[in-house]
Amino acid sequence: MEAEAAKLMAAAIALTPIIGVGIGLGLIFGAYNVAVSRNPNASDLLEKKFWLTFAFVEMFGLVAIVAWALLYFTG
């Protein structure tokens, strides 16, 4: 296998966690909407936890993008 082809395949594989990030964000947003609609008084407490989990999940996506960029653009 040529080095360029292996580099492109590794870069493509590095982006597969983006699928999990999308699913995770959908679950987080959906669970937050259901929880607030069931108990609107708890929205202040839930909002803090919501943004924290959103940030953690989004961080995994950003790490995947950085790994892709390092694999794709470096020699």
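By relative accessibility, what does F29 count as?

Author: F29 counts as partly exposed, at 36% relative accessibility, where buried means under 20% relative accessible area, exposed over 50% and partly exposed in between, computed with a 1.4 Å probe on protein chains only. The model is a predicted one, in which local features need pLDDT of at least 70 and side-chain atom pairs count only at pLDDT 80 or more, while totals for chains, interfaces and linings use all residues. Residues are numbered from 1 along each chain as its sequence is written, and side-chain values use heavy atoms, with hydrogens and water left out.

A search of the whole structure finds 9 aromatic pairs; rings of Phe, Tyr and Trp (its six-membered ring) pair if their centres lie within 6.5 Å, and planes under 30 degrees apart count as stacked, over 60 as edge-to-face and the rest as tilted. Because F29 lies in helix α2 and F50 in helix α3, the pair ties together parts that are 21 residues apart in sequence; helices here are DSSP runs of H or I with at least four residues (strands would be runs of E with at least two), numbered from the N terminus. F50, at 6% relative accessibility, counts as buried. F29 also pairs with F54: the ring centres are 5.9 Å apart and the planes lie at 75 degrees, so this pair is edge-to-face. That pair, too, links distant parts of the chain, with F29 in helix α2 and F54 in helix α3, 25 residues apart. F54 is partly exposed, its relative accessible area being 22%. Ring pairs link F29, Y32, F50, W51 and F54 into a cluster.

The contact (heavy atoms within 4.5 Å) involves residues of α2 including I28, F29 and Y32, and residues of α3 including F50, F54 and V57. By class, the contact of α2 with α3 has 16 nonpolar, 3 polar and 2 charged residues; Ala, Val, Leu, Ile, Met, Phe, Trp, Tyr, Cys and Pro count as nonpolar, Asp, Glu, Lys and Arg as charged, and the others, Gly among them, as polar.

The largest nonpolar core has 6 residues, namely V21, L25, I28, Y32, F50 and V57, a nonpolar core being a set of buried Ala, Val, Leu, Ile, Met, Phe, Trp, Tyr and Cys residues joined through side-chain atoms within 4.5 Å. The elements that give two or more residues to this core are α2 (17–38) and α3, and α2 gives the most, with 4 residues. In soluble globular proteins, nonpolar side chains tend to be buried together. I28, which lies in helix α2, is buried with a relative accessible area of 16%. Not counting residues up to four places away in sequence, I28 touches F50, T53, F54 and V57. V57, leaving aside its neighbours within four places in sequence, is in contact with V21, L25 and I28.

For contrast, F60 has its place in helix α3 and counts as exposed, at 52% relative accessibility.
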